[in-house]
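Here are my notes from going through this one. Have the viewer open while you read.

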Amino acid sequence: MPIRVLLADNHALVRQGVKSLLERDGFQITGEAADGREMLHLAQKLQFDVAIIDISMPVLNGIDAARELRKSSPKIKIILLTRHDEDQYVTEALQAGVKGYVLKSQVASDLVKAIQQVCRGEVYLSPSVSGAVVGAYLSKTQLSADPLTSRERQVLQLVGEGKSSKEVATLLGISIKTAESHRSRLMQKLDIHETASLVRYAIRPGLVQP
């Protein structure tokens, strides 16, 4: 039985290219999503073994999507396929339970190798990923803690993308009052008191693309 794969990337051309590559190597693409939220909805309906997720996606970024997928489907193997090689993304990915981290700048065969390795229960990281970061994670060196909860990070991304409280509430399936409460709490935690500054903060950790 072929390994079943779910793809999540907001660029249709990237999805098409990855799909063609993987199908040529015998993998089965069971679904495609343009953002993290859509990927989680598909995950409830489809059967698959591996999720290949981009980090920089609208509505819900890849790392937070990986966290949510791990909670609902802990047996699914997750690979991040991204252009980001910065240390913060690698450590966050490992903390989120990601088993593969593949850079888009690598050759296509790296992604195939990553899928094969994570399905064997191993971890795959692109060769150029910082060895120091991986070493620190594996040795359980204390990493800087994120002051925000997962839900607050999701609200932060949506606010950074210009969504209103009503739109945030609709996308997250919560009441407007709850959305406003999350927004107020994260602003208090971050000591930020205006929306423009909140947007700038969301851009800095990469939740939103400038």
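Predicted model: local features only at pLDDT ≥ 70, side-chain atom pairs only at ≥ 80, totals over all residues.

1. Everything below is computed from it.

2. Start with β1, where 5 of the 5 residues are buried. R4, L6 and A8 point to one side of the strand, while V5 and L7 point the other way.

3. Which strands does β1 pair with? One is β2 (residues 28-33), which runs parallel to β1 and is joined to it by 5 bridges; here L6 has G31 as its bridge partner. Another is β3, also paired in the parallel sense, over 4 bridges, with L7 standing opposite I52.

4. Getting from β1 to β2 involves helix α1 (residues 12-24), and the three elements form a right-handed β-α-β unit.

5. The largest nonpolar core has 29 residues, and M39, F48, I53, L69, L80 and Y101 touch the most other members. At least two residues each come from β1 (4-8), α2 (36-45), β3 (50-53), α3 (62-72), β4 (77-82), α4 (87-95) and β5 (100-103). There is also a second, separate core of 18 residues, with L21, F27, L111 and A114 among its members.

6. Y101 is worth a click. Beyond its neighbours within four places in sequence, Y101 contacts I55, L80, T82, H84, Y89, V90, A93, Y124, L125, S126 and V129. Of these, L80 is also one of the core residues that touch the most other members.

Definitions and conventions:
Residues numbered from 1 in each chain as written. Heavy atoms only, no water. Core = buried A, V, L, I, M, F, W, Y, C linked by side-chain atoms within 4.5 Å. Buried < 20%, exposed > 50% of the residue type's maximum accessible area, 1.4 Å probe, protein only. Contact = heavy atoms within 4.5 Å. Pairing = 2+ DSSP bridges. Right-handed = clockwise from strand over helix to strand, strands pointing away.
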